[in-house]
Each structure stands twice: as structure tokens, then as C-alpha cells.
Amino acid sequence: MKTLLATAMTIAALAFASPSLAQTPPNVLIVGQIAEPKSLDPHAVTAVNDFRILMNVYDGLVRYKDGTLEVESALAESWTISDDGTVYTFSLRDGITFHDGTPFNAEAVKFNFERMLDEDHPFHDTGPFPLAFFFSAVDTVTADDELTVEFKLKEPYAPFLSNLAYPTGLIVSPEAVKQYGKDFGRHPTGTGAYKFAEWDANAKVVVSRNEDYWDGAPSLEAVIYRPITDANTRIAEMLSGGLDIMVEVPPDSLQQFRSDDAFVVHEQAGPHLWFLILNAKEGPFAKKEIRQAANYAINKKALVDNILQGTAEVAAGPTPPAFAWAYNDGLSPYPYDPEKAKAMLQEAGYDGGEVTFYVTEGGSGMLDPVAMGTAIQADLEAVGMDVKIETYEWNTFLGKVNPGLEGKADLAEMAWMTNDPDTLPFLALRTGAWPDKGGFNSGYYSNPKVDELLEKARRATDQDERAGLYKEMQEIVREDAPWVFVANWKQNAVTKASVEDFKLQPSFFLMLQKVAKPQ
Amino acid sequence: MSAYIAKRLLAAIPVLFGLTVIVFLIMAMIPGDPATAILGSYATPENVARLNRQLGLDKTLVEQYVIWLGNMLQGDFGRSYTLNRPVIDEVMERFSATLVLAGTSLLLCSVFGLIAGVVSAVRQFSFTDKIITFVVLIGISVPSFWLGLLLILVFAVNLRWFPASGMFAIYGGGDLPDLLYHLALPAVTLAVVATGVIARLTRTAMLEVLRQDFIRTARAKGVTENAVIYRHAFKAALVTVIPVIGIQAGFVLGGAVYIETVFQWPGIGSMLVKAISTRDLLLVQGGVLVVAAAYVLFNLAADVVQTLLDPRLR
């Protein structure tokens, strides 16, 4: 027996002997992703995880300026907008080719949008295109000449430019779509800084440097994206040297990386809002004073510092500060004041009746929803509200919350990440966005002034004018308190100390064009 | 024997068929739908309806099932909506990865379980027996996902002897030594519980056999003790142990679900977990069918081996 064991151990030791784990090679960046990509066709996907690859393989007509959510030129050199806000004319950059060698031109742009929007287009069946409605305002796309393309909108739609900067607006090679058809998503071909090289299912996606990139070839030879779904495994892989960058680090582990000189922690607040939807149609929260009392009763600072461990900031209103140009920085968060909340509840005649609180187990942008829910319950109970929690798995939760809270619940957790200050309030605060009208206003908030401001902002093409309208909207909404405004999430990432010029963006996209790793 | 195998295989067909119906019904009953899962925040009723139409989910459940069944019988398992590739490609790739992992684990747990059980039984109540029993009980009681994380922490993060995750090296590699190198930690983790179960059972079976008359007769005839143990007792005890190994094969396949998640092993378990949470019906359907078929085959194989070993069953 002993001999047998010893032999087995020796064989094992010999077979697995490896002096030390291979370090990642210089000029190759290995990125730890949270999941296998669904597809590398930018028009077919919806997940941020996929965007992290796509934004480096493709370009759009426009893009977000470094460090902001403001739009600047990319494949389009310049553009004009007609006075009525319905015609956008883009002049395209000359001499750009797709990775497959075919030219980028106005016809290619036209092909991209018609494939998504026109159900009779010969390549519409290479979809489905779940986010095509980002461009549902588009009526026609015309190629005026080789390098001029004109979008005619059905009605003025101000978020159009920032939607073009979103991954759904990235431009794919028409010839590659024609060649690969439904499998284009596995043979991505764009104009971006990196060319697709290899997709080894469930193991890695490799992209390599595009020497001819119009905005300057990147310094990295290649980027390898590895899907590692379990957060603990991702951390172990980062600590053992198998990754150069890891995204979405759980709060518990940030400290460990911070205190180690071999790593650099990056953080960046983004266009994210974590809030509670209050049922303004029935029950206690139908009264504005009680909704405000809930905002005073919840200790948001404690939630952000203790549960989220500093990975978020306290939110003041419905618009995240990351939309710097549209954010009303005169707003301050509701202070934590349980005494005031108690007094307001009493004054408003709250009878101590039970309220039902929908909590989810997890989900896109929901951070730590169960712990958050329990702490919120405790805060509300401290001011005399009787809160009953009902917890649901994410998809079930959405199935309950999206059709509206009426008859079911008084408050619900929710989080949104958007790319334009229009999106969240337009879809979730207007009277026209009540669930029965096809929107996400699950708490039935309604204020005609807010409706008017949002409609107007969508039609205005001047950014300053839009900004003024959004700022006014934020003040009214903060006062009306249809939601409890809780937190704005800060995205984080950890890189090895040898990674240079890496920066997180407020858009939450992972831009690797300028990153270097010489050793 | 071949008639028996054919009968068993035929009997498996209604089981597998029923299974597909159940999976279909369960997936239809659980709340949430793939369109909502894909659209996330943007799941307005209008967008959901449009996407459902494009995915072919606007048809009735019976229609969907009949279409799926018809295609499946012709070898077309459909296309996964979350991965945008044919289900059969994904399932087969994933399943072979699981087979490598589960097969290695099964080999490890059979070899070590049998050795530990036999040694324990032969030296009943000795110090060796107590040590083995102690270790085996710990092995049975430790939650595998925790053990997996512990092994990663010790052998990947601190000692850096083994990689923390994956099946092949990201850079270079791809050959057999590379595979074994990546296989070591997950296979050991997965084998631990089953090794314990097999060891305990082998011990009991051996003890029982060793007390029987034919062993006494053998000893009385002057057969050497080694021959008594290995040629006579062990062979008889195997009859009891083999079906348990068959059942353990099922548990190892099931246990692979979380071990695969912990070690990022690209197997079918982690695929199914993700497919269920994203409501990817066709992928769940294909995956479950393959796992169930494998389970049926394992049990059949165990029964056949048992029949061959035990003359009374022939």
C-alpha cells in the first residue's frame, strides 16, 4: 500500500512538474471576462460583457470622447443636423477599409442600418437584432455619394447621436455578412483597432493588432478575452498571474488588490442608477409625503459604505452624474433623517399597514440586492413601517415588476444603465410610459410637467437646450419622489502593475486602443 | 446478453421521450422568457413581442414542441438563442469536456476507493483502518465547491503548481500534458466524495464476504491469505460495489455542475446552469437529453458488468 501510494505520488509529481506558472507574455493582454460572448455581431447582442470585445474590433460613425459621455467623430469626420432635427448628414472618413479589405463607404453604412431595420432586407434573417429599436426613429438611409450618408428620421429624436455611439451603432463589413450569413457573429469583421483572430468556444477570443488602423495602430500585439464566470475563480486567476485585467471585482476583494503593489485598482462612476420604485397609484406611497419620508428614512450613505463597500456613490436624483452635461449639480441627496421621516409619516396619516417589498436575488446592475433589501427593510421599520420582503430570481422578478406593481407590491428594487440622459426618465417616469402603454413606469408616477419637459428634450437638437430641460426635470422628480434614489455604481477593474495607459470609461465600455504592456 | 442489452436500450426510449416533455413543460412554466432575458432593461412588451416572433416563440407550446421533436428526430437540435450557434455543436463540445473530467474522476475514485476499502476491511480496527476511515469521512463530509476553492487557493494562488482554471493553456499548450496539468485539481476535487462512498461500501462488502463459509473453506484448504483476499473475497465483494460505482458515475456527472463552475471547466454542467438562467430552452433540452442518455448508459454498463461477475444473475 505504502509503495503504491508513493509510486502514485511520484508519477503525479513528475507528470505535473512545472517550475512555475507561465506568466502572460509581453505585448499580449489577457482580459478576464465574466461570461462567454453570445456573438461578436454588434447588432445582435445586448450584454456589456460582449461590448468589451466589440468596441475594440469595430468603430461607429461617432464615439464617446475619452472620459466623457459626449459624442465625437469616429468613422464620420463631421455631420450636420437640419433645423427641424429630422435629417442627419454625415461626411465619412476617406480611405478606410474593413479588416477583410473591402472599402468602408456610404453604401456600407446604408447596408448596416437596413439589415437591422428593414424586415425585407435580404440579410435581415442574420438577426435577430434585439436593440434595433435604438434606431426605430430612422425612416430612410441614403448614400448621397461615396462618402456622404443621410439619415432621415420620422420625427426629431435627440438621443440619435449617442445611440450611434452605442455598440448597436457599430459598423460591420457588408461583404463579411454576405459571406458568413447567420455565422457572421463568429467571424466578426469591422474597421477597429484590433482584428478578430480566433474564437475557441468557452476558452478564449483572440484579437490582434490592426496595423492600418486609421486612428493609429495599437501598441499591443494581441488581446485575449477569457470567460471566467465564477467571481472567486476570476480572482484566483488574477492572483496567480493568469490575467492582466479583471473587470467587475467583488467589493470584498478590492482591498486585497489595493494593498498589493503588483496590482492597480481602477474605478469610474458610470451612467447607472440603483433605486426603489414606489407604487404611487395605491397604498401608502400614493401620498407624496410618505414617498419623501421613505427617502429620508433610508441611510444611503451606510448602504454605499458598508454593503457596497465604497463601490458606489449616493444618488441625488433620477439622472446619474456621469451625464455631466445634463446633470443638475445643484441637487443634493435626501439626507438621512429618521426623526423627520417619522414625523412626516405621522403627519401624512400612515396607519402602520404592511407594505410589500420586491427584492431580487441578482441581475444586471443590481449590485448586492438581497443585502441592500434587508438593510432598507430595517431602515423603514426603524421609522415605523411594516415591510414584508418577497424575493425573486431576476427573470421572474422582471416578469413581476415590469407589468406594474398595482395589486402586488408597494416598492421594488431596480437598476438601470443607459447611454443617454433621455432613456431612463423617458421609459420609466412619463405618464405615457405606464406599463399598460408599453413602458417601464411600474410605479405609475405621473406629472404633466415632467412629461412635457421630456418630450421637449427629445425634440431639441441643441445640447444646451436639452441640458436645461433635463435639469428642470430632475428638480421636479427629486421633489415628487416617485423613487427612492439610492446609488450610482462605480465600475471597477484591476490590472497588473505592468499594464500601462489603461483607463475605465464612464460609458462602461472597455477601450483598449491605447493600452500598452511592454513586459 | 445482447437481447437483454437491446431490451434495456429500448426501454430507455420512452424515458428519454418523457424527459423532453417534462423539460419543455418546466421551461414553459417557470416565469421569465428568453426575450426578456436577452433584452434586460429594454424588455418593453413591444420589444419582447417582436423578438419572440423572430425567435419563433410566438407559436403555441404544442406547436413549438412538435417542431422541435420533428427536427430533433432528423438530427437537428436547433440553434441556441443565447450563443447563436447550433445546439448540437455546443452540447457535444461541452459534453466531451465533461466526460474527460468525470471519466478521470471516476477512475480516480474507483481505484483509490477500492484500495482504501479493501485495506480497511483486511485490517479491520487496526490503526490503518482508523486513519482511512477518518480521512474518508472527512472526504464525504466536505462540500466539493469549498474544497475546490481551497485547492485553488493553495495549489494555484500560493504554490503556483497548478493553473486555477480552464482546460488548456491560454497561450501555447493544447497537448495531453497540458490537459492533465489543468485536469489535476478539478478531477481530484470531484473524486473526493465518491472515493469516500466507494471506500466505505467496499469495506462493508469485504467484511461481509470475509465472514462467509467459502472463505473459511479456502483458508482451510491452505490458500495463501493474499489469494483469499484478492482472488476470492475481492471478486465477490465487487458484485456489490460495481452497481454503486455506476450510481456514483451519475453523481460525478451531477457534481460536475459546480466543480465546472468553480474551475471554469468548459463542460456541460456549467453550460446547463447558464442556459437555464437565460431560459435558453433548446440548449437546456439538448443538454439534458445527452446527460440523461449518458446516465442510462452508465447504469446499463454497471448492470452488465455485474451480471458478468455474478454467476447467480446469469
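How close do the axes of helix 8 and helix 10 of chain A come, and at what angle do they cross?

**Ground rules.** I'm looking at a predicted model, where local features need pLDDT of at least 70, side-chain atom pairs count only at pLDDT 80 or more, and totals for chains, interfaces and linings use all residues. Residues are numbered from 1 along each chain as its sequence is written, while chains are lettered from A and ligands numbered from 1 in the order in which they are written.

**Confidence.** I looked up pLDDT, the predictor's confidence in each residue, from 0 to 100. Chain A has a mean of 91, with 96% of its residues at 70 or more. Residues 1-22 of chain A are below 50, though.

**Overall.** I found 15 helices and 18 strands in chain A; these are DSSP runs (H or I, at least four residues, for helices; E, at least two, for strands), numbered from the N terminus. The C-alpha trace of chain A spans about 80 × 70 × 40 Å along its principal axes.

**Back to the helices.** I noted that helix 8 (residues 288-297) and helix 10 (residues 338-347) of chain A have axes that come within 8 Å and cross at roughly 165°. Axes here are lines fitted to C-alpha atoms, for helices over the stretch in contact, with angles from 0 to 180 degrees between N-to-C directions. Helix 8 and helix 10 of chain A are therefore roughly antiparallel (angles over 145 degrees count as that). Among the residues making the contact (C-beta atoms, placed from the backbone, within 7 Å) I spotted A:Y296 of helix 8 and A:M344 of helix 10.

Note on methods. Two residues are in contact if their C-beta atoms, placed from the backbone, lie within 7 Å. Angles under 35 degrees count as roughly parallel, over 145 as roughly antiparallel, 65 to 115 as roughly perpendicular and the rest as oblique.
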